[in-house]
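Here is a short report on one protein chain. Have the sequence and the fold side by side as you read.

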Amino acid sequence: MDIFLTRFNSSPSSSSFRDNFSHLVEEFDVKSLNTDPGERISIRYSSRIQDEMRRHYIQRGPCQPIDHKFPKALFGKKMRQFSPGWFKGSHSRWLEYSVKKDAAFCLCCYLFKNDYVHGSTSDSFTKTGFKAWNKGIERLGLHVGEVNNLHHKCFNNMLDLSNQSQSIQADFEKQSDQQKTEYLIRLNVSIDVARFLLNFGLSFRGHDESESSTNKGLFLGLLEWLGNSLPDIDRIILKHAPKNDMMTSPKIQKDIVSACAQETVKAIIDDLDGDYFGILVDESKDISHHEQMTLTLRYIDKKGQVNEPFISLVRVSDTSAKLLKEAVLSLLIKHSLSPSKIRGQGYDGASDMQGKMNGLKALILQETPSAYSAHCFAHQLQLTLVAVAKKHKELETFFAIVTNVLNVIGVSFKRRDQLWDHQTELLEQLLESGEVQSGKGLNQERGFQRPGDTRWGSHCKILDNFVILFSSIVHVFGVIECDSDVNDKLQDETFFSKIKVFEFVFLLHLMLKVLIMSNELSKALQKKDQDIVNAMIFLDITKEWLQEMRDKGCEPLMDEVYLFCAKHDILVPKMEEFYIPGKSKRRLLVLLIHITYVLNFFIS
């Protein structure tokens with residue numbers, strides 16, 4: 001907000017503006033400016049006098065030497081020359097001719113083309129000149145183009161500026177001091193509301209922003225609330241403001257948001273102060289299926305703290321490594337950051353990011369050899385655990401059953417309520433019997449969100465909840481069996497029969513123990529201040545835990561499983577029976593050996 005006020009308050013008064021302008025005009029000596037368009041330099045003057053320079057060119061008019069003897073040039077088999085008749089009609093306000101270069105130019109595009117950074121047109125009418133006289137009428141028509149063409153925008157700007165009464169400075173001077181003060185108040189209020197919404201990541205617009213709407217969206221709603229709370233503000237905003245100066249239009253809102261974003265990035269760059277930094281890049285599709293790339297910086301500030309500020313989100317046509325590299329370097333250059341200062345890279349495990357030959361990491365390393373890349377250890381750990389799970393049929397089936405059970409219960413609010421009600425009754429009985437203790441943070445309500453393959457910490461939480469809520473889950477399935485139709489009963493009975501067996505209970509306790517260990521490792525690897533030495537130590541400790549569990553933890557695990565089965569009336573097979581190949585329950589312990597082997601491979 002202070003930036004807006006500073007820029008607004010620094011607007012020159014009429015006298016000081018004229019004094020400064022007169023001084024600069026004398027310095028540039030407008031009378032000495034070249035009339036011939038072929039000898040002009042680019043229209044890039046100081047921002048304070050640029051419009052006055054443009055107005056000088058407009059008042060002098062386009063260079064049109066009608067009496068000049070235009071030279072002829074051979075085109076094909078005919079001699080052609082510039083036709084003075086082209087100066088007439090719709091071309092009369094902008095078409096120019098350079099005697100020195102024997103070429104045609106466009107006055108309005110010369111004056112205003114640089115204001116449109118997204119505009120695209122040839123430089124033939126602004127820098128090099130046009131001289132293909134055999135196609136003169138055709139090329140002049142192409143240059144003018146459609147209504148929304150760049151030439152029309154420049155021409156309209158030229159018309160506006162030629163009318164002195166329409167200039168911003170003239171309009172500003174007409175305003176009274178009271179109008180200026182009210183304008184500042186409206187601007188401040190709009191900026192305050194926008195900053196509040198940005199700070200909390202809230203939406204601005206509403207579906208119906210009409211005067212009669214009761215829900216105009218948060219931006220207009222907060223403005224109304226401020227007006228109702230502050231009478232001095234209410235008398236000059238919204239419906240009490242001039243219709244062309246309400247400071248609430250969608251364009252104004254976007255301009256404020258854009259200014260806030262620019263100032264935020266500027267503050268981040270200033271905090272970096274030209275020091276070394278790392279880059280974190282990721283890409284994904286938005287809701288409209290457009291590919292987008294995010295860029296985050298990682299650096300250590302002057303206080304020694306690690307910062308990871310988000311810099312920009314840009315749309316990319318595809319996610320090839322070459323295009324992503326161009327987008328990254330373009331963003332760095334845009335914010336005056338040198339690619340040679342990159343000292344670290346961070347990406348996901350996709351081949352276009354981590355490829356050794358043509359991945360984004362490799363392409364940046366070719367230009368900046370010190371931009372070292374270390375794939376996130378926590379992400380590697382998740383990928384490893386997912387890969388292990390998918391290679392074991394029993395484990396893959398186990399997690400599929402867990403997911404389907406969650407879907408059966410979570411699909412209905414009625415079933416969720418039945419689950420919590422039963423769990424509450426059970427907890428009250430346990431508290432009365434003294435089997436569980438009460439206290440702060442104990443006996444919290446358990447969630448049942450779906451697990452995700454990229455976040456194996458969620459699997460750990462889900463399995464822990466599954467163990468605690470097992471009795472309530474069984475109770476809900478019993479209710480479903482009584483109330484559901486035939487098709488639902490058949491499906492639900494299948495899942496119910498799968499969880500009431502020893503194999504499922506064994507895998508439930510086994511995987512819970514393994515995931516608790518790996519989850520602690522994952523949390524340690526995700527700490528901002530983590531270094532690679534500590535990461536290796538934590539990994540070794542986790543491997544030792546798994547090795548110890550494999551060597552000495554089978555009997556305690558089996559005792560725990562037996563107690564659970566006895567509590568929930570689950571049949572326990574006799575382990576002393578004759579061994580039948582392919583059906584032994586002991587072969588499930590091989591899973592621990594495989595996990596330990598994969599973790600050994602992971603650290604190497």
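## Basis of the model

This is a predicted model: local features need pLDDT of at least 70, side-chain atom pairs count only at pLDDT 80 or more, and totals for chains, interfaces and linings use all residues. Residues are numbered from 1 along each chain as its sequence is written, and side-chain values use heavy atoms, with hydrogens and water left out.

## The chain as a whole

The chain holds 24 helices and 9 strands. Both are DSSP runs, numbered from the N terminus: helices are H or I with at least four residues, strands are E with at least two. Of its 604 residues, 39% are buried. Buried means under 20% relative accessible area, exposed means over 50%, and partly exposed lies in between (1.4 Å probe, protein chains only).

Consider contacts with a separation of 6 or more: 65% of them join residues 24 or more positions apart. A contact means heavy atoms within 4.5 Å. The accessible surface of the chain is about 36000 Å². Carbon and sulfur atoms contribute 53% of that surface. These areas come from the Shrake-Rupley method with a 1.4 Å probe; for residues, only the protein chains shown count as cover.

## Strand β6 and its partners

Strand β6 spans residues 291-300 and is mostly covered, with 7 of its 10 residues buried. Strand β5 (residues 277-285) pairs with β6 in the antiparallel sense over 8 bridges. Two strands pair if DSSP finds at least two bridges between them. Isoleucine 279 faces leucine 297 of β6.

Isoleucine 300 stands opposite valine 306 in β7. The β6-β7 hairpin has 5 residues between its strands, and glycine 304 takes a positive phi near 85°.

## Aspartate 123

Where does aspartate 123 lie? This residue sits in the loop between α4 (107-112) and α5 (136-144). Aspartate 123 counts as partly exposed because its relative accessible area is 31%.

Leaving aside residues up to four places away in sequence, aspartate 123 touches Lys113, Thr128 and Gly129. Tyrosine 110 is 13 residues from aspartate 123 in sequence. Their C-alpha atoms are 9.4 Å apart.
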